[in-house]
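Please go through the model below together with the report that follows.

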Amino acid sequence: MTVSIEHHTGPIARQTPVRSTYRLQLRPDALTFADARAIAEYLQQLGISHLYLSPVLTAARGSTHGYDIIDPTTVSAALGGPGGLKALSDEVRSRGMGLIVDIVPNHVSVADPRQNPWWWDVLRNGKESQYAKFFDIDWSPGNGAGGRIALPVLAGENDPAALSVDRTGPEPMLALHDLRFPIAPGTEGDNALRIHDKQHYRLVNWKSGLCGYRRYFTVGGLAALRQEDPAVFEATHRELAAWCEHDLIDGVRVDHPDGLTRPAEYLQRLRKLIGPRRLLLVEKVLSNREPLDATLPIDGTTGYDALADLGGVLIDPDGEKQLTELSRQFTGHGSDRAWFAENEHRIKRAVAETMLVPEVRRLVAAVKRDARADAFDTMALTNATIEVLSFMPVYRTDYAPLAGMIGAVVAEVARRNSELTAPLQVLVTALSVNGEATTRFHQVGGAITAKAVEDTMFYRAARLVSLQEMGADPARFGRSLIEFHLANAARAVRWPATMTTLSTHDTKRGEDVRARIGMLSQVPDIWARGVSAWNEIAPGPDGATTLFLLQNMFGVWPADGRTAAAVPGFRERIHRFAEKAVREAGTQSSWEEPDTEFETAVHRWIDAVIDGPVGAELGEFVTDLASHAWSDSLAQKLLQLCGPGVPDIYQGCELWEDALVDPDNRRPVDFTHRTLLLQSLTGTPELDPTGAVKMWIVAYALWLRRERPDCFVGGTYTPLFASGDHANHLISYARGRVGESPEVIVAATRHSIRLDEAGGWADTVLDLPQGHWTDRLTGHTFSGRARLEKLFARLPVALLVR
């Protein structure tokens, strides 16, 4: 099938063989290239067309995710090396499948300097290092480290006294606990402190607000690369070029392009390198109603935008008022649009003034240089710059559809604060140059947004936590059917090969966990009474933490009759999640200043919930609503699998899953169990705790995509609407080949609890297009006017084929 996709160079016609992807989190201790080869047959039988691999270049020792790359020029030996990658590619190609690989252009790991040869050389030789220009280093005399590279690794004032010289190797090294640092030639003949004073780097406290290089957000162990330099691009993409040359891969997923200098230009170079026929997807987090730049030479995003639509359409808007009031009762605010609008600016300012001080300092210095305003008051300019960044509604504004946004935001800031007129004039002058200040402005803006919104506000809001996800807008309480269909229709036309997803290695809750929590919008009164009663029985550490954690525990609580205490690892997982959640929220504890007394109270409360009457009642509640939670899970899964774009299945999610935020969502998957289960399916499974019914639906949807590919990627999308008293409980659409009648109809139940309360489907019907339609999931056949009570007699979803 050929799809014409508008790129920056005009229409490009290319083969698009990618029908579906299956995301594998490779890790040396659990899933190597050889392990992936071993499950290729299972994935082929499931109907997958492409394996979608996490980063495969050499990462830090013990890495379980691969994003902490230490050598971008080699394939990870721990995963199986280049031979292992070649063997995996050969294996999947022999099965008519392919590979898509995740690449990480923005940063490399420098947490252990010895493991990164480029970074080691820079620390040893300073500006004279051949790799000095590979990193975005602040060498300026006013950088707070006397022109040396500030390394934020010291934990306390007494740490420098712990410095020693390690002379056990061929060359002496400075030693700080387990860390080692190089010693510049000719500076080794003295005590440790004096040697340190002669180096190209300076060790500083991690709380000092000093860092001599651009980081990935606030992670000091990840140093940014200067991909705008052709030498850096060539060195870091050499392996990728070889994979393309030898036709080992069919596409790439680009991690965090918003951190780069001029990402649009980077993507143009990348497209040229991989050629026009390979899939090119970007991990782009689109803010509320932000369009994806159609001038980029890409096929789409990694699917957070689709995730928000798929989950949002299942939220019951009638639950908004009560859940908002429950949030207000427990947290002091409604976690609603007013709260987000009021707090986003304030929290962004706090992030800029604390976590991102080094990046803001470099930005302001660049503003002064580009505006030729060296004498201008730094504090006033810093304040004005932070104020503008704090009102930016998107990660960065240098994408074509966002032209003019900076001007609008600056004008609004000037209107609000007349005293900022002079520093805003300096900022505007600098941004007009389109030089270093502009680059840093966009990079810092994205970091502020990510840390303030997704890593802070999403842990403070507690109205309905399933809405607090990457790329989502929790202030919007779900999506209407009209919004859902229009978003899908636009996706089908504008981005036919974009990726769609429900779970990733970065989602804060897995797809089935979000589906179950989202179901609370249908029973807000029961949930509110339960939470209030449980808080009386086992008072939580504070209202906001209590409401937030109870929703998450409800989302992952076992629904198979077991008590939570009986599920291996459950308690430990909840404790780990809770610790991360309260520290990310930053109201009672934080990563920088952990409040051990508060955290201990949280852990005691969690144990009291799990082991006491609250846990028993929570378990009963989960069991009572389990079938409705599964209904929502199946609905969003089928809607994704057959909708516009290329659906990605995150590893293991063909069965029910209970993942929370990383590292919980990166646990190893039992593929042996899944292989045996797939082989044993002989008839429509029941809606039960095994999850076999989810696998059944996944397989039939993927088999249909393989059978009729022209109906999906590049195919038509037609919304279908029911008629009758309960028409609003149906989500349905048709897919087909361009220029022909629809061949596939997807139908799913929406708000099933409310539907049951109303007595079922009654006279609600769906008028089917002409022909006889067979439900691939049950074998039942329909034509003409289909009564929904019969269409959904066996399952809450249907996959009709003409």
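## The loop of Pro663

Pro663 has its place in the loop between strand E20 (646–650) and helix H24 (671–680), where helices (H or I, at least four residues) and strands (E, at least two) are DSSP runs, numbered from the N terminus. The peptide bond joining Asp662 and Pro663 is cis, with omega at about 10 degrees.

This is a predicted model, in which local features need pLDDT of at least 70 and side-chain atom pairs count only at pLDDT 80 or more, whereas totals for chains, interfaces and linings use all residues. Residues are numbered from 1 along each chain as its sequence is written, and side-chain values use heavy atoms, with hydrogens and water left out.

Asn434, in the loop between helix H15 (421–433) and H16, has a phi near 60 degrees, a positive value in a residue other than glycine. Its relative accessibility is 46%, so Asn434 counts as partly exposed; here buried means under 20% relative accessible area, exposed over 50%, and partly exposed in between (1.4 Å probe, protein chains only).

His751 is not a glycine and has a positive phi of about 55 degrees. His751 is found in the loop between E23 and helix H26 (752–757), and His751 is buried because its relative accessible area is 4%.

## The parallel sheet

Eight strands form an open sheet with parallel pairing, in the order E18-E17-E16-E7-E4-E3-E20-E19, where two strands pair if DSSP finds at least two bridges between them. Strand E18 (300–301) and strand E19 (499–500) stand at the edges with a single partner strand each, so one side of each is left without a neighbour in the sheet.

Within this sheet, strand E4 (residues 50–53) and strand E7 (residues 98–103) run parallel and are joined by four bridges. In this pairing, Leu51 stands opposite Leu99 in E7.

Strand E22 (residues 730–736) is mostly covered, with seven of its seven residues buried. In a regular strand the side chains alternate between the two faces of the sheet.

Arg735 takes part in both pairings, for Tyr717 stands opposite Arg735 in E22, and Arg735 stands opposite Val744 in E23. E22 and E23 form a hairpin with five residues between them, and Gly739 in the turn has a positive phi of about 85 degrees.

## Helices H21 and H22

Helix H21 (residues 570–585) and helix H22 (residues 596–611) pack at an angle of about 145 degrees, with their axes 10 Å apart; axes are lines fitted to C-alpha atoms, for helices over the stretch in contact, and angles run from 0 to 180 degrees between N-to-C directions. On the H21 side the contact includes Phe570, Ile574, Ala578 and Val582, and on the H22 side it includes Phe598, Val602, Ile606 and Ile610, where contact means heavy atoms within 4.5 Å. The residues of this contact divide into eight nonpolar, two polar and six charged; Ala, Val, Leu, Ile, Met, Phe, Trp, Tyr, Cys and Pro count as nonpolar, Asp, Glu, Lys and Arg as charged, and the others, Gly among them, as polar.

Ala581 also lies in helix H21, and at 2% relative accessibility Ala581 counts as buried. Ala581 touches Tyr459, Phe548 and Leu549, not counting residues up to four places away in sequence.

Gln468 lies in the loop between helix H16 (436–460) and helix H17 (481–494), and at 2% relative accessibility Gln468 counts as buried. Among the residues that Gln468 touches, not counting those up to four places away in sequence, are Phe458, Pro474, Arg509 and Phe548.

## The chain as a whole

The protein has 27 helices and 26 strands. Its radius of gyration is 27 Å, close to the 28 Å that the globule rule gives for 802 residues, so the protein is as compact as a globular protein of that length; the radius is taken over C-alpha atoms, and the rule is 2.2 Å times the number of residues to the power 0.38. Of the 802 residues, 62% count as buried.
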